[in-house]
Amino acid sequence: MISSRIFNYAASRFCPRSVTGRVPTVRPAIGTRRDFSAEAKAIVFETNGKPLDVLKLHTFPLPDVTDDTILVKFLASPINPADINQVEGVYPTKPPFLTDVISSTTPLAIGGNEGAVEILEVGKSVTQFKPGDRAIMRHTLFGTWRTHAIANVFDLTKVPYASSDITAVQAATASVNPTTAYRMLKDFVEMKDGDWFIQTAANSGVGRAAIQFGRLWGLRTINVVRDREDIDDLKRDLESLGATKVVTEDEIKDKGFRNTIKEWIGDREIKLGLNCTGGESTTNIARQLSTGGHLVTYGGMARKPVTVPVSLFIFKDIHLHGYWLTRWSDSHPDEKEQIVNEILGLLKGGELKDVPVDEVVWTADMSDQERLDAFKHGVEKYITGSRGRKQVLVHK
């Protein structure tokens, strides 16, 4: 069920221009001028299904800027797991399907939830932003896989750093993965200097961020990854971020390996486990938790249930939790903004490294088919597994 906060947000964004009927006449902002064709291109879908089957490119005219609206140009927009799940129709929140506001006779949804934009024009009543500013999305459900959009003040959070300090890709990827890791390390267990936590999919965007926050906060980490040909290179990569120990799923499931872990932690406890896989991998890290430990699930990449032996509940009092960043963000928008700004500051200072990225590039001279093909190639790389590299739509 969609929360009332999300529903009210979506309604407030789209009620001023009805999704059916005639688009009202709008007035241009005073003293502003556009330097591009007043249209947008977006990756959309009219029905849920397999992304490579249902995604298409749609071009539509943009209305003029009014007194209280903002014209933005997208700079970068990630392809996140939740975005793909929304296209498939299996995610709790659903993007709005629009008609007149995007000049379509068939209701279409614009994909994408995270992104960085540049402000091109502002209405005369807008004081929080000016042309040339950069911003990221304040809420989900905006639809970020596009070139341009008309936004409102409450859609955006200003990026407080120049492009020479924070790249567009860094800004576009700061509000989901690092924020998820930040909150999970803060919200479930009181972690102190020298404490341990364990996690699956340690080379994911969230996993890499968790490793680095652990390093910054004096925490020690056991990081589980899938075995692969370049496992030694991956281990060195994660260790360079601050990983204390990196192990494979085959190693962690070996009962004899528990003695190795005991040697690592000494008289310390493993208080927290972070899980985004499910299946056997999750069971294996749950077995490593100390009495009273907490297992937090924020994803299910293996598409298998979380299975925990009864003995862990009875004899070790293990606690299971789920974590959904969207729910927390909708309830704590101001705190979310503060954390994102802190993360951006860490990126600027080089204390936090952003996730490895494959850029899905759109240029002004590309045809619609070339844009669609490039985007679908990025989606295909995500679906087939991109070795921990995030796919990001970048406009050049």
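Buried means under 20% relative accessible area, exposed means over 50%, and partly exposed lies in between (1.4 Å probe, protein chains only). This is a predicted model, in which local features need pLDDT of at least 70, side-chain atom pairs count only at pLDDT 80 or more, and totals for chains, interfaces and linings use all residues. Residues are numbered from 1 along each chain as its sequence is written, and side-chain values use heavy atoms, with hydrogens and water left out.

**View 1. Asp133 meets Lys130 in a salt bridge.** A salt bridge is a side-chain nitrogen of Lys or Arg within 4 Å of a carboxyl oxygen of Asp or Glu. Here the N to O distance is 2.9 Å. Asp133 is buried because its relative accessible area is 8%. Lys130, at 48%, is partly exposed.

**View 2. Arg138 forms a salt bridge with Asp334.** Their closest N and O atoms are 3.1 Å apart. The two residues are 196 positions apart in the chain: Arg138 is in the loop between strand 6 (134-137) and strand 7 (148-151), and Asp334 is in helix 13 (residues 333-348). Helices (H or I, at least four residues) and strands (E, at least two) are DSSP runs, numbered from the N terminus. Asp334 counts as exposed, at 51% relative accessibility.

**View 3. Asp195 forms a salt bridge with Arg268.** The closest N and O atoms are 3.1 Å apart. This pair links distant parts of the chain, 73 residues apart. Asp195 sits in the loop between helix 5 and strand 9 (196-199). Arg268 sits in the loop between helix 9 (257-265) and strand 12 (270-275). Asp195 is buried at 4%, while Arg268 is partly exposed at 34%.

**View 4. Tyr182 and Phe213 form an edge-to-face aromatic pair.** Rings of Phe, Tyr and Trp (its six-membered ring) pair if their centres lie within 6.5 Å; planes under 30 degrees apart count as stacked, over 60 as edge-to-face and the rest as tilted. The centres lie 5.4 Å apart, with 90 degrees between the planes. Tyr182 is in helix 5 (residues 177-187) and Phe213 is in helix 6 (residues 205-216). Tyr182 is buried at 10%, and Phe213 is buried at 0%.

**View 5. The charged end of Lys186 sits over the ring of Trp217.** A charge sits over a ring if NZ of Lys or CZ of Arg is within 6 Å of the ring centre and within 35 degrees of the ring normal. Lys186 is 4.2 Å from the centre of the Trp217 ring. Trp217 forms one aromatic cluster with Tyr182 and Phe213.
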